Amino acid sequence: MLEIKNLSASIGDKEILRGVNLVVPDGEIHAIMGPNGAGKSTLSYVLSGREGYEVTGGSAFYNGQDLLAMEPEARAAAGVFLAFQYPVELPGVGNANFIRTALNAVRRARGEGELDAVAFLKLARTAIKNLSMPDDMLKRNVNVGFSGGEKKRNEVLQMALLQPGLAILDETDSGLDIDALKIVSEGVNALRGPKFSALIITHYQRLLDHIVPDYVHVLAAGKIIRSGGPELALELEAHGYAGLEAA
Amino acid sequence: MTALPTRKLEAWRYTDLKNLAAISFVEATPTKIVAPLPDLGIPRIVFVNGTYNAALSTPPDFLSSFAKVVDESSLPLVQINAAHAHDGATIDVPANIDAGAVMLVSYANAEMPMAFHPRHRVVLGEGSKLTIIEVAIGQGVYWHNPVTDIILHEGAALSHYRLQDEGLDAFHLATIRAQVAEKAAYESFSLVIGAKLSRAEFHATLSGPNATTHLNAAQLLRGRQHADFTSVVAHKAPNCASRQTVKSVLSDHSRGVFQGRIEVARVAQKTDGYQMNQALLLSPHAEIDIKPELEIFADDVKCSHGATIGALDPEQIFYLRSRGIPEDQARAMLIRAFLTEALEPVTNEAARVFLEDTIETWWARK
Ligand SMILES: Nc1ncnc2c1ncn2[C@@H]1O[C@H](COP(=O)(O)OP(=O)(O)OP(=O)(O)O)[C@@H](O)[C@H]1O
Ligand SMILES: [Mg+2]
């Protein structure tokens, strides 16, 4: 369970999150929508431990662990996974080597045995097939020369292999073609279960047709200003944020 | 004895030997081995404090006995070496033989400051092939001043991988001179992680058409280490290619130097010369000096030099950490990635694994 209480954070002297309250119980998927610059990515970065943010108040616990006190790698080992809005290119680092190193680091931290190259490749090939991705995805350097959509799919591949307990997907649907959107959604839905929860940040109701959320929240100017069921997304699609922000 | 070069000499502008000059060295004497020697399961030639050690060696067939050095070089360090050299590996491979791979290990254990000046000689006959994996390790205050002369006859190919992992109080000043005949290839890669002060000075002469050379290196330095990579590539025949990719990873107060000169003679048309220097500064106190020089007398040549200086990208480190990879390992991966192009000439699998392991564990050594 993810419990965010009154979370405030700033960059430099600019306050971005202004008291976010959000609880995502195990087994649930929550969507976060909201205007550009509202602080959605900031929230996902603060939860995953990126440097450069000052948490000025509040807390974030995952399964009882104080996320904000943990190193990013410890958060990953605890099961937190962020699919980046802008996945990072790593020239000179092979994708297979990267994902295997990540998987083994997480397994080590959890006291599980490491996978050798052969066992990993078997696992990775199956995941790639399930996500209908080209095989050479593993051979290339991480995200280097990947199209926008390929980068997003690579995030989902990592998620499928790392099997997180809490996935934060930051606009993973942006840049995906119609088929890829379905495939990626299936990837998320395949992880659904009593021990999996997700925060899905998106601008488009369309994604939520495929991954039906339990709740939809609207984040604006650093606060959750409205929460509701999946129908809230439809309402936003029809009327935009203007009316809400005034409320 | 010939005097040590000083910074007044253009070739020594960036590397100051005054700390070396201040030490009085004794002649090296035999010693006991207190560290494990690298073993890749291939023939191994071992020198201990500069003297061949038969008990530790499993020499290849083509190792011959040391012959007295006659040398008229004007290079001060080569002169000093010539005056003192009393041992060294003499490798002589006849024509048309694939001689496999051999390790050349220099181990030093200096209880008192000592100096040794080995003279190695490698001759490959027409069409022959050899891989040399050279490793220099040791402890204590010592000065290792090896000179390696390489003669590659027509179509011969030498892959020369060097790991300079000397003790952190040591001085390592190596001179490598390679004569590369028609269609022959001198492929080298040096990994520099040891010594307080070091220099690897390469002189490669491409003397026949279609001769090629790679003079690549990676310097991984910390503390107050100083490492100098100096090269002079002489293109003396048409259609030759020389490629130098030197990468420096510099932390703390360390300092890297690259001086590379490409000389293209009038006859050396269609020369392809390439130099790339890239430095990764891991500390605001680290320093890199880069001095490329081109001296071109032919009119149809392609010579390029590029240099970049950067730092590790915090976005990349965070991306790796967000996937569960601990910070130190993330840095090591990015350092390894940065070095990729420099490692290109390392085609021998055993050498590659050996060098990559050394690179991957370097960051964690601190
Ligand atoms: N490094 C930074 N320095 C200064 N301001 C920043 C920095 N990073 C983000 N911001 C600002 O913080 C605010 C929130 O940004 P954030 O990326 O969280 O928005 P978002 O809700 O994800 O928007 P989008 O829907 O466009 O992705 C924006 O006004 C942005 O300009
Ligand atoms: Mg965003």
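How much area is buried between chain A and chain B, and what share of it do carbon and sulfur atoms give? In this predicted model, local features need pLDDT of at least 70 and side-chain atom pairs count only at pLDDT 80 or more, whereas totals for chains, interfaces and linings use all residues. Residues are numbered from 1 along each chain as its sequence is written, chains are lettered from A in the order in which they are written, and side-chain values use heavy atoms, without hydrogens and water.

The buried area (accessible area, 1.4 Å probe, that two parts lose on being put together, summed over both) is about 2000 Å² between chain A and chain B, with 62% given by carbon and sulfur atoms. Contact (heavy atoms within 4.5 Å) involves 33 residues of chain A and 17 residues of chain B.

Five salt bridges (a side-chain nitrogen of Lys or Arg within 4 Å of a carboxyl oxygen of Asp or Glu) are counted between chain A and chain B. One salt bridge joins the side chains of A:Arg50 and B:Glu315, at 2.3 Å from N to O. A network of salt bridges links A:Glu51, A:Glu71, A:Glu73, B:Arg321, B:Glu327 and B:Arg331.

Over all chains the structure holds 35 salt bridges. Among them is that of B:Arg199 and B:Glu201, at 2.7 Å from N to O. B:Arg199 is buried (under 20% relative accessible area; exposed is over 50%, partly exposed in between; 1.4 Å probe, protein chains only), with a value of 2%, and B:Glu201 is buried at 7%. The side chains of B:Glu293 and B:Lys291 also meet in a salt bridge, at 3.9 Å from N to O; B:Glu293 is partly exposed at 32%, whereas B:Lys291 is buried at 13%.
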